[in-house]
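Subject: Structure for your review

Dear colleague,

Please find below the structure that I am handing over to you. My notes on what was found in it follow.

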Amino acid sequence: MSSSPASDRPGVPSLGASPVVPTYGPDCLGAVLPGVAAALGAPIALPAVPLPTAERVCVVLVDGLGHHLLHQNATDAPFLASMAGTVLRAGTPSTTATSVASFGTGRPPGQHGLVGYQVMDPDRGELLNELRWDPAVDPARWQPHPTVFEHLTAAGIGCTAIGNPEFDGSGLTQAALRGPQFVGVGGLHQRVDVAVRALAAPGLVYLYWGQIDAAGHQHGVTSRNWLRALREADEALARLARQLPSGTLLLITADHGMIDVPHEFRVDLATRPDLQPGIRVLAGEARFAQAYCEPGAAAEVARRLSDAFGELAWVRTRDEAIADHWFGPVDDRVVGRIGDVVVAGREPFVFVDSRTTAPHELKLIGQHGSLTDAEQLVPLLEYIA
């Protein structure tokens, strides 16, 4: 693979010269639910998006629907494109487990501690997949801060969460989204029906939809499959807006954006013995790889990876990434979960290890996780019924 930037490779766009580091203030995804809490009359001492007062709020999180993707495909999403809104930053890394935890707790990754797709559990010396979880890890210990849902239910405000049936009681749900009544339903139109019924009473309804992300991963964000998923979501969410009780505040947001990365732009650690010395295991995700190193090897590993990848990625030691505020303030219990060296894709580029990465993950086309605008920027769309 070439180490030249994407701008020198025909047909591949350059994504940016500098990392987009979130502020973890009111312009970030974690500020949405604190804003909702204030709108419902139960403010919480966390950064909050300013929102109008409402008795009923419905928040829809569309997995993978980045701001750039929505803007570029506005004609295929006429309802979403017609909504007023603003743009938020997701957080580091720009991946579902991390973003959902920021969304649910209102806190930056360095505090809630879900710092990637697959990260080191320092207490066990084993990797934890933060989407699939592990029964050996207590979600409430891994993420001990109260969620915004818990704050609202304690204030007497009803909360309902609607998502995949398998999410009910999952480790990620218990860590990041505990507190609401959970309803597991399959299709998006069925979830819309549940949301409308739940909003007959005042309170908050949270609805998750993941098919746009799934289509992007499998087929790419420029594929017909992705556009079909976008159109279907737009149609269902337009129906949701039409059926909401009068005065309901509808918010639609996302957890990250996505880019397509051709397989020829993948670096596989398994085939690069020159890069392997000092690396015990490569985890994280392909666009935000986290290398856990042998004791004392981090600086040399970082130098070697920087030399190898040139302008394709931003390479930082853990200490450098923390000092640069990539994760926001980092609690002591979280430090060891972050890789000794992190590799954030700057151009269309991924870094994997085929010896430890699941085979289906090696086939993915759509990717996310890094600090580019395309992955970091997400919409916050607003509609009042």
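In which strand is Tyr 383 found? Tyr 383 is found in strand 17, residues 377-384. Helices (DSSP runs of H or I, at least four residues) and strands (runs of E, at least two) are numbered from the N terminus.

Before going further, please note that this is a predicted model, in which local features need pLDDT of at least 70 and side-chain atom pairs count only at pLDDT 80 or more, while totals for chains, interfaces and linings use all residues. Residues are numbered from 1 along each chain as its sequence is written, and side-chain values use heavy atoms, with hydrogens and water left out.

Tyr 383 and its surroundings

Tyr 383 counts as partly exposed because its relative accessibility is 28%. In these notes, buried means under 20% relative accessible area, exposed means over 50%, and partly exposed lies in between (1.4 Å probe, protein chains only). Setting aside residues up to four places away in sequence, Tyr 383 touches Phe 79, Met 83, Ala 241, Thr 248, Leu 249 and Leu 250; a contact means heavy atoms within 4.5 Å. From Tyr 383 to Arg 231 there are 152 residues in sequence and 19 Å in space, C-alpha to C-alpha.

The nonpolar cores

A nonpolar core is a set of buried Ala, Val, Leu, Ile, Met, Phe, Trp, Tyr and Cys residues joined through side-chain atoms within 4.5 Å. The largest one has 99 residues, and those with the most contacts inside it are Val 32, Val 36, Leu 80, Leu 204, Leu 240 and Ile 252. Helix 11 (residues 224-243) gives the most to this core, namely 10 residues. Leu 240 touches Cys 58, Val 60, Val 192, Ala 195, Val 196 and Leu 250, again not counting residues up to four places away in sequence. A second, separate core has 21 residues, including Cys 293, Ala 297, Val 341 and Phe 349.

Helix 12

Helix 12 covers residues 298-309, which makes 12 residues. From its first C-alpha to its last, the helix reaches 16 Å, close to the 16 Å expected at 1.5 Å a residue; the expected span is 1.5 Å times one less than the number of residues. Which residues of helix 12 are buried? They are Ala 298, Val 301, Ala 302, Arg 304, Leu 305 and Phe 309. Seen down the axis of helix 12, these buried residues fall within an arc of 165°, so they line one face of the helix; the arc is that of the directions from the helix axis to the C-beta atoms. On the other side of helix 12, Ala 299 and Asp 307 are exposed. The cover over the buried residues of helix 12 includes strand 11 (279-285), strand 12 (288-293) and strand 14 (341-345). Just after the helix, Gly 310 takes a positive phi of about 50°.

Helix 12 also holds Glu 300 and Arg 303, three residues apart, about one turn of the helix. Their side chains meet in a salt bridge (2.4 Å, N to O). Glu 300 is partly exposed at 35% relative accessible area, and Arg 303 is partly exposed at 42%.

Other salt bridges

A salt bridge is a side-chain nitrogen of Lys or Arg within 4 Å of a carboxyl oxygen of Asp or Glu. By this rule the count comes to 19. One of them joins Arg 124 and Glu 126 (3.3 Å, N to O). Another joins Glu 347 and Arg 346, with the closest N and O atoms 3.6 Å apart. Glu 347 is buried, with a relative accessible area of 0%, and Arg 346 is buried at 17%. Salt bridges that share partners join Asp 121, Arg 124, Glu 126 and Asp 134 into one network.

Aromatic pairs

Rings of Phe, Tyr and Trp (its six-membered ring) pair if their centres lie within 6.5 Å; planes under 30 degrees apart count as stacked, over 60 as edge-to-face and the rest as tilted. How many aromatic pairs does a search of the whole structure find? The search finds nine. The rings of Phe 103 and Tyr 206 have centres 5.1 Å apart and planes at 40°, so this pair is tilted. The pair links distant parts of the chain, with Phe 103 in helix 4 (residues 96-105) and Tyr 206 in strand 7 (residues 203-209). Phe 103 is buried at 0% relative accessible area, and Tyr 206 is buried at 4%.

Yours sincerely
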